[in-house]
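User: Please take me through this model in questions and answers, giving the cut-offs behind each term as it comes up.

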Amino acid sequence: MEKPLLNVRDLRVAFPTPTGYVEAVRGVNFSLARSEVMSLVGESGSGKSITMRAVMGLLPPTALVTGSVKFDGRELLGVPESEMRRVRGAKMSMVFQDPLTALNPVLTAGEQVVEAIRIHHPEVSSKTAREMAIELFRSVAIPYAEKRVDQYPHEFSGGMRQRVVIAIAIANRPDVIIADEPTTALDVTVQAQVLELLRDLCDKNRTGLVLITHDLGVVAGMAENVSVMYAGSIVEQAPVDELFEGARHPYTRGLLGALPQITGEISRLNDIGGTPPTAATIPVGCAFNPRCVFADELCREVKPELRSFNGGEVACHYAHTLPAHELQGEFA
Ligand SMILES: Nc1ncnc2c1ncn2[C@@H]1O[C@H](COP(=O)(O)OP(=O)(O)O)[C@@H](O)[C@H]1O
Ligand code: SF4
Ligand SMILES: [Mg+2]
């Protein structure tokens, strides 16, 4: 694999509350190479979006962000907003969950693509940028591209709107795209099409893709590497096949056990008992301990660090002793 384009070390994000700071991201490490597709998976509230907003410099100024985010060897944390603006959209861009809120309702779809191009390349004429917009619409498979560029966001279906957002995200050929649950708001039938489009475009342009999702089913067909997040920390990292075949962290196993079975059986959907903590209520020790049937004194006192294991990394005191494949009956 090539040297990482994006290298995130000990990333921490804390928010002020009336009772002091609460940490929503607690020491995240990951890297992403050119052309790599990495998925960040975890239940809602685990810190996925905050992690990636911190990487993009998109958090409110009250958020306390520490650690290191290196892009192509250059530190991004702490650089002035004016410089981050040059990075965002040109080097790294983001696709959000809801395309309607990502788009400006009073500008045509084409105008928004033109704007995205000309912010970073003011030397490009409006006419050329418009031609580029039409070409981009074609590349994201929007039919009748010449006509569609002059339409407003409300004239597009949800799936087509997300294609417009993707056209904007790829307009300047970024090296990295971060897609935060990009298909969650779409009909199931168009979800797969939009994901495939995103993956194919990244593959063609050799763009690194971070795909955030709460759905491990999405990960299987899309990603090469997976990072599983729980309560602000990554608890397991592995190549996708290894994760599906031999997940070691009890939380990952719970997520895998919670996947609907091919037989149509959905009785295992609630396999992980209990609910995840919020940033303000993360337990001491292993954050997963109140929900883990293997938890003991050590788990309740000491937070396990990520350690190399089987081609991946796991943060569990007992990862080495838990059987690899016994997914049944572990969760109350
Ligand atoms: N502005 C904020 N102030 C305080 N806490 C926040 C703020 N934004 C998010 N959080 C907390 O950070 C945690 C992680 O949120 P988020 O990254 O949005 O989760 P995910 O994307 O995994 O669903 C949540 O517990 C949430 O309550
Ligand atoms: S460290 Fe302990 S509580 Fe945490 S996942 Fe491993 S066994 Fe369970
Ligand atoms: Mg989120």
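User: How many residues of the shell around ligand 1 are nonpolar, how many polar and how many charged?
Analyst: The count takes Ala, Val, Leu, Ile, Met, Phe, Trp, Tyr, Cys and Pro as nonpolar, Asp, Glu, Lys and Arg as charged, and the others, Gly among them, as polar. On that basis the shell around ligand 1 divides into four nonpolar, seven polar and one charged.

User: What pLDDT do local features need in this model?
Analyst: Residues are numbered from 1 along each chain as its sequence is written, while chains are lettered from A and ligands numbered from 1 in the order in which they are written. The model is predicted, and totals for chains, interfaces and linings use all residues, whereas side-chain atom pairs count only at pLDDT 80 or more and local features need pLDDT of at least 70.

User: Which element gives the largest share of the shell around ligand 1?
Analyst: A residue is near a molecule if its C-beta atom, placed from the backbone, lies within 6 Å of it, and the residues around ligand 1 include Gly45, Ser46, Gly47, Lys48, Ser49 and Ile50. Elements are DSSP runs numbered from the N terminus, helices being H or I with at least four residues and strands E with at least two. With three residues, the largest share comes from helix 1 (residues 48-56).

User: Which residues come nearest to ligand 2?
Analyst: The shell around ligand 2 has 10 nonpolar and three polar residues, and no charged ones. Of its 13 residues, the nearest are Cys286, Cys292, Phe294, Cys299 and Cys316.

User: Within what arc do the buried residues of helix 8 fall?
Analyst: A residue is buried if 20 or more other C-beta atoms lie within 10 Å of its own, exposed if 12 or fewer and partly exposed in between, with C-beta atoms placed from the backbone. In helix 8 (residues 188-205), Val194, Leu198 and Cys202 are buried, whereas Thr189, Glu196, Asp200, Asp203 and Lys204 are exposed on the other side. Taking directions from the helix axis to the C-beta atoms, the buried residues line one face of helix 8, because they fall within an arc of 65°.

User: Is alanine 231, which has a positive phi, buried or exposed?
Analyst: Most residues other than glycine have a negative phi. Since 25 other C-beta atoms lie within 10 Å, alanine 231 is buried.

User: Is aspartate 10, also with a positive phi, buried or exposed?
Analyst: Aspartate 10 has a phi of about 45° and is found in strand 1 (residues 6-17). Because it has 11 C-beta neighbours inside 10 Å, aspartate 10 counts as exposed.

User: How many of the eight residues of helix 11 are buried?
Analyst: The buried residues of helix 11 are Pro250, Tyr251, Thr252, Arg253, Gly254 and Leu255, and what covers them includes helix 9 (216-222), strand 9, strand 10 and helix 10 (240-246). Helix 11 is therefore largely enclosed by the rest of the structure, the number buried being six.

Technical notes: The expected span of a helix is 1.5 Å times one less than its number of residues. Two residues are in contact if their C-beta atoms, placed from the backbone, lie within 7 Å.
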